[in-house]
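Have the structure open and follow along.

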Amino acid sequence: MTDDEIFDKWHEECGVFGIFGHPNAAQLTYYALVALQHRGQESAGIATVDGMKLYHQKGMGLVAEAIPNEAMPRLSKGQSAVGHVRYSTTGVSQLLNAQPLVFNFQRGNMALAHNGNLVNAHQLHSFLERRGAIFQSTSDTEVVAHLIARAGNPDMADNIREALSIVKGAYAFCILTDDKLYAMRDANGLRPMVLGKIGDAYCVSSESCAFDTIGAEIVRDIEPGEMLIISKDGIESTRFASAAKRALCTFEYIYFARPDSDIDGFNVHAVRKDFGKLLYREHPVEADVVIGVPDSSISSAIGYAEESGIPYEIGLIKNRYIGRTFIQPSQELRARGVKLKLNAVRKIVEGKRVVMIDDSIVRGTTSGRIVDMLREAGAVEVHVRIASPPVTHSCFYGIDTSARHELIASNKTVEEIREYIGADSLSYLTEGTMMQAFGIMDGKDHGHCNACFNGKYPTEVYEDLSKSIMDR
């Protein structure tokens, strides 16, 4: 059993990084991937080019495991690079699906790195196989490579445009060729992507925290439907699609992104603090101490404490050194496995009325175990406050959520969930109140994807496009 099976939180997506024309491209990409490690711990990889030859290294595990020191001299021959950290949302967890995916065409080399999920990948995969395509992986990213190769235009940018005109879903793509770096963000802006600069070199990243790590400055967010073409001649902004209804994934702010990242003009930590403040205004409670479930809920807990005047304390400690898998020899030990991840600080919670802030509840098993843990440590009351609305629908855009019937809020009321997790009280931030953190009032169109809360998906979901694609 893996810790993900026990610790029923949202699974991370993926992180991408690209840089063009820097003598230390490989090293900077390595450091950037470490900064993006929170977005995926399954596999990592780097591909570099020197104008003629492509070099690549990828492997399973964390960045330090997947890209050993002995690989860096070879990678350092290239002056442009793309990198990727992966959590699988489509395709099994094995090396053949690790990214960047690399290809050699008649027109040169290409490496692809992708964050997100293509909702029509299955249909496109079947369509391409029927026409002779041979796939090396089970990742939806490879579908795009085949579509690019099939397009056959003299200009690579036109091939990319043609390929992306067919795919549907959420994505931030980095594509590295022998002489250019291409960066694209889906037409709805579901996945984040930001442009930066270090010296005379441009770089792109899933999050701005990678730029802080390597000493790059933020230039701006890449716009939905925009394609950046970076070459020795500089940077060109063009479009591969008209901007659709903007729908940035709100869970980037709730859970996924690092607190020190800025996404579409908002700092993640500041937004999470505002979630906590709004949560108290909507659902106050009398208590002695406020604690947060590490790590993504800490900012919201601070906000709740500041707004309420209830002291904030570190009441739960996260074990940062546990491996990705561990043995669970019995049901009794398995039920207590959460203590390998978290432990309560007894002297902080003992004899106290505790407000426990968390970012979300997925299946509810972990929340219940944490409540039990706090009671075992002496808490006299445990009031759970969730800094997001109830998760009632699955995500199809690159977040590996449970099936809808496994989402506790899809089939239980708030009171039933409270009883299930054993809390003295339970309250969620409502969707309308949550959006006030972004300055959106009165339920106006807010430019975010909240489909996991309300079922309103911004694109077709698993639309079968295979019949509408003309043979080429």
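This is a predicted model: local features need pLDDT of at least 70, side-chain atom pairs count only at pLDDT 80 or more; totals for chains, interfaces and linings use all residues.

Now widen the view. β6 and β7 belong to an open sheet of six strands, ordered β5-β6-β7-β8-β12-β13, with antiparallel pairing. At the edges sit β5 (101-105) and β13 (234-239), each of which pairs on one side only. From one strand to the next, the twist averages 20 degrees. Helix α6, residues 141-151, packs on this sheet and touches β5, β6 and β7. The direction of α6 makes about 135 degrees with that of β6.

Next, turn to the other sheet. Here seven strands form an open, antiparallel arrangement in the order β3-β2-β4-β1-β10-β9-β11. Its edge strands are β3 (54-60) and β11 (217-221), and each has pairing on one side only. Neighbouring strands are turned by 15 degrees against each other on average, direction ignored.

Within this sheet, look at β1 (residues 14-20) and β4 (residues 80-86), antiparallel strands joined by six bridges. V16 has H84 of β4 as its bridge partner. Which strands does helix α2 touch as it packs on the sheet? Follow residues 25-35 and you will find α2 touching β1, β2 (43-49), β4 and β9 (194-198). The direction of α2 makes about 20 degrees with that of β4.

Note on methods
Residues are numbered from 1 along each chain as its sequence is written. Side-chain values use heavy atoms; hydrogens and water are left out. Two strands pair if DSSP finds at least two bridges between them. Helices (H or I, at least four residues) and strands (E, at least two) are DSSP runs, numbered from the N terminus. Axes are lines fitted to C-alpha atoms, for helices over the stretch in contact, and angles run from 0 to 180 degrees between N-to-C directions. Contact means heavy atoms within 4.5 Å.
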